[in-house]
Amino acid sequence: MRRSPGNVVIVAVLGLVLVWAGLAIAKKQHAKQPRGPYPSLGACSVFPKSSAAANAPSAADESAWNQDISQAPLDPNSASYIAYINAHGGDSVHPDFGSPREYGFPYAVVGKTQKRTKVHFTAYPDESTHGAYRVPIKALVEGGQASDGDRHVLAVDRKRCKLFELYRAFAAKRPKPHWNADSAVIWDLRSAALRPEGFTSADAAGLPIFPGLARYDEAAGAGIHHALRVTVSSTRDAWVHPASHCAGSTSSASAPPMGLRLRLSAGYDISGITGPARAIAVALKEYGLIVADNGSNWFISGTSDRRWPDENLDQLKSIPGSAFEVVQSAAPIHAC
């Protein structure tokens, strides 16, 4: 249709109004993101500590998150795994979190007064936990309320030591306030029990997300004493415990299965890394990484927290993927 000059002006004005409204909404959503510090988890530990010896393979249950694997034996296929990862994407570490408050994973901490919230499973009901979820209806969503990504929602109940994790979660107010989520899991933080074989979780590997997050309070305090979550671009159609699910695209024996455990080589020099980034680098040597999802290569997960110093975290980007090695697991690899 041919437009008159008057119509053009009206359309232009309306366009500016819509842009302004969009920016206002984005600013409002940005302001709702977590600012830190997060509440304490109380007496709840995030899964039991591993009883494995210092030179034992990576544990085959959720205690693996808390296992020091700095002296664990290497996987015989270590070099092939690392070469495959680096050949299928980026080849250096990238902290996938920082001070912009929508960047990273937010989480809620609730207590004894938190009411139950209904969760409707929209994609994987048979592989989700049916039970009492205590996730605030106003809990923050990964990426912000308008995100079209994975939209993870995480909540820790410090009274009951439960972890609630939702994938592709949308809050709904009617008919009664509830969450719609593709899948969701309730984790008992006092138990090292695995998910059933072949079951997914809020993560592609069937793993919990929260235990693998770099948290600012740890990095700036007593240190990070657990493994960290990492994504790689291409994974095998297989998993190794503590993972229980796969989402791979190849049967190559050189491709990493979900749940693969890696660590930064003891010989890699981190003496020049300072501040919170140094705490993360030390954790990479002592507790390492666990492959949890398909995504950008060597992207390490952390919390959404305004206190993260971005320039300090940038030091981690100098660590090459070639400086890592794969740790032997106590469990066999399960083909999908």
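Modeller: Happy to! Let me begin with a definition: a residue counts as buried when its relative accessible area is under 20%, and as exposed when that value is over 50%. Please keep in mind that this is a predicted model.

The helix I would pick is α4, residues 275–286. With 12 residues at 1.5 Å a residue, α4 should span 16 Å, and its end C-alpha atoms are 17 Å apart, which agrees. The expected span is 1.5 Å times one less than the number of residues.

Which residues of α4 are buried? They are P276, A277, A279, I280, A281, A283, L284 and K285. In general, an α-helix has 3.6 residues a turn, so residues three or four places apart point the same way. Just after α4, G288 takes a positive phi of about 75°.

Now for the surroundings. The chain has five helices and 13 strands, and 49% of its 336 residues count as buried. Among contacts with a separation of 6 or more, 72% are between residues 24 or more positions apart. The chain exposes about 15,100 Å², with carbon and sulfur atoms supplying 55% of that area.

Among the strands, β4 (residues 153–157) and β5 (residues 162–172) run antiparallel and are joined by five bridges; V153 has L166 in β5 as its bridge partner. This hairpin has four residues between the strands, and C161 takes a positive phi near 55° there. Strand β5 also runs antiparallel to β6, with 10 bridges joining the two, and Y167 has S183 in β6 as its bridge partner. Here the hairpin has five residues between the strands.

R151 lies over the face of F170, at 4.0 Å from the ring centre. The count of aromatic pairs comes to eight. In one of them, the rings of Y107 and F210 have their centres 4.9 Å apart and their planes at 70°, so the pair is edge-to-face. Y107 lies in the loop between β1 and β2, and F210 in the loop between β6 and α3, so the pair ties together parts that are 103 residues apart in sequence. Both Y107 and F210 are buried, and together with Y38 they form one aromatic cluster.

Methods: Residues numbered from 1 in each chain as written. Predicted model: local features only at pLDDT ≥ 70, side-chain atom pairs only at ≥ 80, totals over all residues. Heavy atoms only, no water. Buried < 20%, exposed > 50% of the residue type's maximum accessible area, 1.4 Å probe, protein only. Contact = heavy atoms within 4.5 Å. Areas by Shrake-Rupley, 256 points an atom, 1.4 Å probe, with all protein chains shown as cover. Phe/Tyr/Trp six-rings, centres within 6.5 Å; stacked < 30°, edge-to-face > 60°. Lys NZ or Arg CZ within 6 Å of the ring centre and 35° of its normal. Pairing = 2+ DSSP bridges.
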